[in-house]
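Reader: I have a new model open and would like to learn how to read it. Could you take me through it feature by feature?

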Amino acid sequence: MTDKITKCVVDTKDILQPLGKSDQIDLHMIEIVKMCTGSEEETRLVRGLVLDHGARHPDMPKRMLDVKILILDVSLEYEKTDTNAGFFYSSADQRDRLVHSERNAVDSKVMKIIDFKKSVCTEDQGFLIVNMKGIDPVALEMLAKSSILALRRAKRRNLERLQLSCGGVCQNSVNDLAPSVLGHASSVYERTLMDDKYTFVEGVSNPKSATILIQGPNNHAISQLSDAVRDGLRSVRNVVEDKCTVPGGGAFFVSLYNHLVNNFADTVDNGRAIQAVEAFANAMLIIPKTLMQNSACDVMELLTTMKRETKSGKVVGVDVYNRCLCDPVLEGILDNYRTVKNVISTGYTVASMMLEIDEIIQAGKSMKGDAAAGMQRGM
């Protein structure tokens, strides 16, 4: 399972950073969709988009091949005006004409979409509409009769990701639609899970956005997988942005310990400063000690061997699976540079703040003593 998730996470790097054109990775372009069904082994990377809603008409197609995708931000339903406006009529005929004109305004937009679909699609091709605004039941009926799959009230972030994955361009009007604004996918299908519907847009060419579909038998398993995927995505982003890694398995911290004790401490003349350097160096051994304890190793023996090997110039780390020392670079055990940097800087900052708290408390007590002595002298 670990290898499967690792492959999904690493493959997102090729999608978000094609041919190494950029040093930045936008993780917001990766959609994480959770489905409480099946097993964890069904978790996969979808090179496309998975929308967490489906069609709202039963006669719309459930599966299409070679699909043209139209992305809209157009209201296909009757809407009330933003301002308080009133319409006055003197007869029932005038009221009927007003209602008919309101209906015609929506129907004309739908007919333009249907005519556009007929002009760009053949009988074997499908047509998908993803609209950020609403589509009323009458418009859905008209689209269903033309074999058009329409999704309404899509999230803005999904529209942005859909444009990056399938290549379409969002339209704010149905006037003057052109084939160049359409996206394309080799397959679009709908999947129903109890009361929830999901629409899969797959088979896109050169996607710049993707979806990681997380499946599991219960919410606990899904939560664990989701945390692992998010941590993995951040790790991949850190490696790309830092352009370097640090040997893992505690190798860096033992090397830092040897450098502080054997090299840096000799350059310090102050006795208290030397003790501070030794204390800081010993604190660096907490991580390799913890790894050894968690893997049920002999901490003292393994740590002594690790210090000796590191002092001789070798790079060694802890292999928690085989309970021995190994070369972390050859085994692929690596840490993020910025993570190690933040751990060290955070530890130093927290220790300094704790020492300052003791000084503040001691200073407060001395100030109270001075104030009491001054009051006694005044009396």
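**Reading the model**

Author: Let's start with one residue. Ile69 is in contact (heavy atoms within 4.5 Å) with Leu128, Leu162, Cys166, Val181, Leu182, Gly183, His184, Ala185 and Val201, leaving aside its neighbours within four places in sequence. Before we go on, this is a predicted model, where local features need pLDDT of at least 70 and side-chain atom pairs count only at pLDDT 80 or more, while totals for chains, interfaces and linings use all residues. Residues are numbered from 1 along each chain as its sequence is written, and side-chain values use heavy atoms, with hydrogens and water left out.

Reader: Which residues touch the most other members of the largest nonpolar core?

Author: In soluble globular proteins, nonpolar side chains tend to be buried together. A nonpolar core here is a set of buried Ala, Val, Leu, Ile, Met, Phe, Trp, Tyr and Cys residues joined through side-chain atoms within 4.5 Å; buried means under 20% relative accessible area, exposed over 50%, and partly exposed in between, with a 1.4 Å probe and protein chains only. The largest core has 46 residues, and Ile69, Ile113, Phe127, Leu128 and Leu143 touch the most other members. Elements giving two or more residues to this core include strand E4 (63–72), helix H2 (92–120), strand E5 (126–131) and helix H3 (137–145). A second, separate core has 21 residues, among them Val277, Met284, Val299 and Val318.

Reader: How many helices and strands does the chain have, and how do I judge its overall form?

Author: Helices (H or I, at least four residues) and strands (E, at least two) are DSSP runs, numbered from the N terminus. The chain has eleven helices and 13 strands. Of the 379 residues, 40% count as buried. Among contacts with a separation of 6 or more, 75% are between residues 24 or more positions apart.

Reader: What should I look for in the backbone angles?

Author: Most residues other than glycine have a negative phi, and most peptide bonds are trans. Ser147 has a positive phi of about 60° although it is not a glycine. Ser147 sits in the loop between H3 and E6, and its relative accessible area of 43% makes it partly exposed.

Reader: Where is Ala296 placed?

Author: Ala296 is in the loop between helix H8 (286–294) and helix H9 (299–311). Phi of Ala296 is also a positive value, near 60°. At 55% relative accessibility, Ala296 counts as exposed.
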